[in-house]
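Please brief me on this protein model.

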Amino acid sequence: MENIRVLLVDDEENFRDVMARRLGKRGVIPGKAESGEKCLSVLEKEPADVVVLDVKMPGMDGLEVLRHLREKHPGTEVILLTGHATTSDGVQGIKSGAFDYLTKPVEFEHLLGKIKQAWEKTQWLKEKQRETEFREKMAKQMIVTERLASLGTLATGVAHEINNPLAIIAEAAGWMGLLLKKEELSGMPRKTDFENALKKIESSVERAKRITHQLLDFVQKDNSVLSEVDIKELVEGSLRLLNREILNKDVEIIQKIKHGVGSIRSDSYQLRQVLINLLTNAIHAIGTCGKITISCKSVSLPSGPEIREKREKVSSVEAVELRVQDTGEGVPKENLKKIFDPFFSTKIPGKGTGLGLFVTSGIIDKLGGNIEVESQVGQGAVFCITLPRYHKIEQQPENNSRSGFLEKIGFSVNKFGAR
Ligand SMILES: Nc1ncnc2c1ncn2[C@@H]1O[C@H](COP(=O)(O)OP(=O)(O)OP(=O)(O)O)[C@@H](O)[C@H]1O
Ligand SMILES: [Mg+2]
C-alpha cells in the first residue's frame with residue numbers, strides 16, 4: 001500500500017481526520033478536502049491516485065464532482081460513499097465512471113481493500129497507456145526507417161551504376177586536358193574556352209563522385225570495424241583535417257573533453273566522418289566569425305520501460321555524450337525535421353550535397369547511438385550524439401532495418417558485432 005495517494009473528500013471533519021490517520025498508519029499518503037470545490041482545487045496542485053468521495057455534501061455534490069474528475073483527471077479512480085438509503089446514487093456513479101461505491105458507515109478494512117483495488121486499476125491503465133504510446137512510437141519510427149531504407153537502397157543502386165560512366169568521363173576529360181597541352185594544338189582557336197569547359201567537367205565529376213561515395217559509404221552499413229577509440233584523439237584528429245577549412249576565418253574552437261572520458265569501443269573511421277560532417281556544417285553556419293565548442297562527458301543511456309526490460313541482458317549501459325555547438329546562423333524550426341533527410345540542403349548549388357547529416361545519422365544509428373539537434377535561428381545549433389561506451393556481449397549485427405530500428409530505441413545489445 002506504500003505511496004498510494006488518496007484524497008478523502010467529506011464534509012464531516014471527524015470522518016476525514018480518523019480515516020486519514022488510519023490510512024496514514026497503513027502506508028497510504030492521505031489528503032483531505034471538505035468540499036467538492038476544495039477537492040478540485042487540491043487536485044489541480046497535487047494529483048491523487050484514488051479519491052474517496054462523499055456523495056451528499058453541501059455545495060457541489062459527489063456526482064457532480066465525479067463528472068469533473070472524469071473530464072480533468074482521467075487517471076484518478078473514484079470511490080463513492082453513499083448513505084444506506086441512497087445506494088442508487090452509487091449505481092449512478094458507477095455508470096458515470098466511478099470505480100465503485102461503499103455505503104456509510106464505512107468499515108475501515110473494507111475501504112482499504114477497495115482503495116487497493118482502485119489503485120491497482122490505475123497502475124494497470126498507466127501500463128496500458130505506456131504500451132500504447134510505445135507501440136505508436138515504434139510504428140512511426142518503423143515507417144520512417146523503412147522509407148529511408150528503401151530510399152537508401154534506390155539511391156545507392158543508382159550511385160553504383162553512375163560510378164562507371166563517371167570514371168569514363170573523368171578519364172576522357174583528363175585525356176583531353178593532356179591533348180590541349182600538346183605542342184601541335186598550341187595554335188588551336190578558342191583554346192581557352194575548351195580549357196575552361198574541361199575544368200567545369202572535372203569539377204562537376206568531382207561533385208558527382210562525392211555524392212556517389214557518400215551514398216555507397218552509407219549503404220555499406222555493416223562494415224564497422226570496432227576498436228578502442230580515444231575520444232580526445234578522435235576530436236583532435238578530426239580538427240586537424242579541417243585546418244584548411246578555417247584558414248582565413250575568425251573561428252575559435254573550444255574543446256571541453258571531460259577528464260577521464262577515455263575511450264569507447266566503436267568504429268574510429270566512421271566516427272571521424274561524423275565529426276567532420278558536423279564540424280564542416282558548423283564552420284559553414286558560422287560564416288566568417290564565430291565559436292565552435294566540442295564537449296564530451298560520460299552519461300547513462302536514457303531508460304524507458306522498453307529499455308529496462310532488456311537491460312539485464314546488456315552488461316553495460318554507460319555512454320558518452322559528444323556535443324558540437326556553434327554560434328552560427330541556426331536552423332529554422334520548419335527545417336529541423338528535414339535536415340537528416342537525404343539531399344536536403346540549404347546551401348547554394350554546388351556547395352552542399354545534403355547527404356552529410358543523412359550519412360551521419362545512419363552511422364550513429366548503426367553504432368547503437370542517438371543524434372539530436374537543438375537550434376534557434378540566429379543563435380547557433382547544437383548537435384548532441386550519445387554513444388554506448390562498451391558492450392561486453394558482442395554479437396554479429398543483424399543486417400535489416402527492423403533490427404536497426406530496435407537498436408535505435410535502445411535494444412543495442414546486438415549492435416557491436418565482433419569482426
Ligand atoms: N550547424 C548547423 N547550423 C545551421 N544549419 C545547419 C547546421 N548543420 C546542418 N545545417 C542545415 O542542414 C542542412 C543539411 O546538412 P547536411 O550536412 O546534411 O548537408 P549540407 O551540409 O547542405 O551538404 P553536405 O552533403 O556537403 O554536407 C544544411 O544545408 C543546413 O541547412
Ligand atoms: Mg554538411
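A pocket is defined on a 1 Å grid over the protein atoms alone: it is an open set of points where a 1.4 Å probe fits, with protein on both sides within 12 Å along at least five of seven lines. Grid points are joined across faces, edges and corners, and a volume is the space filled by probe spheres set on the points. By these rules, the second largest pocket has a volume of about 1200 Å³. Of the 40 residues that line this pocket, Asn277, Thr280, Asn281, His284 and Lys347 are the closest to its centre. A lining residue has an atom within 4 Å of a point.

This is a predicted model, in which local features need pLDDT of at least 70 and side-chain atom pairs count only at pLDDT 80 or more, while totals for chains, interfaces and linings use all residues. Residues are numbered from 1 along each chain as its sequence is written, chains are lettered from A and ligands numbered from 1 in the order in which they are written, and side-chain values use heavy atoms, with hydrogens and water left out.

**Pocket lining**

- Domain 2 (142–219) and domain 3 (227–414) both contribute lining residues, so the second largest pocket lies between them. The domain bounds come from an automatic or database domain assignment.
- Helix 6 (191–219), helix 8 (243–246), helix 9 (268–286), strand 10 (318–326), helix 11 (356–366) and strand 12 (381–388) each supply at least two lining residues. Helices (H or I, at least four residues) and strands (E, at least two) are DSSP runs, numbered from the N terminus.
- Helix 9 gives the largest share of this lining, nine residues.
- By class, the lining has 16 nonpolar, 16 polar and eight charged residues. Ala, Val, Leu, Ile, Met, Phe, Trp, Tyr, Cys and Pro count as nonpolar, Asp, Glu, Lys and Arg as charged, and the others, Gly among them, as polar.

**Ring contacts**

- The structure holds one aromatic pair. Phe340 and Phe383 form it edge-to-face, at 6.4 Å centre to centre and 75° between the planes.
- Rings of Phe, Tyr and Trp (its six-membered ring) pair if their centres lie within 6.5 Å; planes under 30 degrees apart count as stacked, over 60 as edge-to-face and the rest as tilted.
- Phe340 sits in the loop between strand 10 and helix 11, and Phe383 in strand 12, so the pair ties together parts that are 43 residues apart in sequence.
- Both Phe340 and Phe383 are buried. Buried means under 20% relative accessible area, exposed over 50%, and partly exposed in between (1.4 Å probe, protein chains only).
- Lys104 lies over the face of Phe15, at 4.9 Å from the ring centre. The test is NZ of Lys or CZ of Arg within 6 Å of the ring centre and within 35 degrees of the ring normal.

**Backbone**

- Lys104 and Pro105 are joined by a cis peptide bond, with omega about -5°. Pro105 is in the loop between strand 5 (100–103) and helix 5 (108–181).
- Arg190 is not a glycine, yet has a positive phi of about 55°. Arg190 is in the loop between helix 5 and helix 6, and is exposed, with a relative accessible area of 63%.
- Phe343 has a positive phi too, near 70°. Phe343 lies in the loop between strand 10 and helix 11 and is partly exposed, at 45% relative accessible area.

**Buried positions**

- Ala33 is in strand 2 (residues 29–33) and is buried, with a relative accessible area of 0%.
- Leu66 is in helix 3 (residues 62–72) and counts as buried at 0% relative accessibility.
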